[in-house]
Amino acid sequence: MKKTRNTRQRGVILGILRESHEHPTAEMIYREARRALPNISLGTVYRNLNFLRDQGTVREIRPSEGGSSRFDGADTPHAHFHCAHCSALLDIPLPPGLENLRFEEEKRISAVSLVDLHVIGSCCGCAEGATH
Ligand SMILES: [Zn+2]
Ligand SMILES: [Zn+2]
């Protein structure tokens, strides 16, 4: 019984992450999950997010300027653009060549499983605000 409930909770949380392109925080996921599961607790959301992250199903992104971790359920490789002035966190394509990064000359590395590239700058909204 408990196992079934856990699976259902995990499914709801993963569904929210797969649909969102906002890279929600755990609190945002919690608020969304409560619509489907009114009794779910924030602790349960955190536990499931940690499980999914350890499993490699979702990625935890720590914002460059600190603050709450953001979560990403996209299953295709991509890089992230962080706006240094607001909380915008955008998916950007990995520059060509980075997707199949190899270190043939590097004897200490045997395989690459993930390229985690973060680009920091200003989003259009913040750049416009600065010129007015
Ligand atoms: Zn911005
Ligand atoms: Zn992403």
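The crossing of α2 and α3 is right-handed, a crossing being called right-handed if the near helix is turned clockwise from the far one by less than a right angle, and left-handed if anticlockwise. Helices here are DSSP runs of H or I with at least four residues, strands are runs of E with at least two, and both are numbered from the N terminus. In this predicted model, local features need pLDDT of at least 70 and side-chain atom pairs count only at pLDDT 80 or more, whereas totals for chains, interfaces and linings use all residues. Residues are numbered from 1 along each chain as its sequence is written, with chains lettered from A and ligands numbered from 1 in the order in which they are written.

Back to the helix pair: α2 and α3 (residues 42-55) pack at an angle of about 115 degrees, and their axes are 9 Å apart. The axes are lines fitted to C-alpha atoms, for helices over the stretch in contact, and the angles run from 0 to 180 degrees between N-to-C directions. On the α2 side, Ala26, Ile29, Tyr30 and Ala33 meet Leu42, Val45, Tyr46 and Leu49 of α3; contact is taken as C-beta atoms, placed from the backbone, lying within 7 Å. By class, this contact has eight nonpolar residues, no polar and no charged. Nonpolar covers Ala, Val, Leu, Ile, Met, Phe, Trp, Tyr, Cys and Pro, charged covers Asp, Glu, Lys and Arg, and the others, Gly among them, are polar.

Tyr46, found in helix α3, is partly exposed because 15 other C-beta atoms lie within 10 Å. The cut-offs, using C-beta atoms placed from the backbone, are 20 or more others within 10 Å for buried, 12 or fewer for exposed, and anything in between for partly exposed. Tyr46 and Phe71 sit 25 residues apart in sequence, with 11 Å between their C-alpha atoms.

Most residues other than glycine have a negative phi. His23, not a glycine, has a positive phi of about 55 degrees. His23 belongs to the loop between α1 (2-19) and α2 (26-36), and it counts as buried because it has 24 C-beta neighbours inside 10 Å.

As for the overall layout, the protein has four helices and five strands, running α-α-α-β-β-β-β-β-α along the sequence. The C-alpha trace spans about 50 × 50 × 20 Å along its principal axes. Of the 132 residues, 19% are buried. The domain assignment gives domain 1 (1-74) and domain 2 (76-132), with bounds that come from an automatic or database assignment. Their C-alpha centres are 22 Å apart. Eight residues of domain 1 contact nine of domain 2, and the domain 1 side of this contact has three nonpolar, three polar and two charged residues.

Val115 lies in the loop between β4 (89-92) and β5 (118-121). Setting aside neighbours within four places in sequence, Val115 touches Pro77, Leu94, Leu98 and Leu101. Val115 is partly exposed because it has 14 C-beta neighbours inside 10 Å. Asn100 is 15 residues from Val115 in sequence and 9.0 Å away, C-alpha to C-alpha.

The mean pLDDT is 89, and 95% of the residues reach 70 or more; pLDDT is the predictor's confidence in each residue, from 0 to 100. Confidence is highest in α2, at a mean of 97, and lowest in helix α4 (residues 124-131), at 80.

Methods
Contact = placed C-beta atoms within 7 Å.
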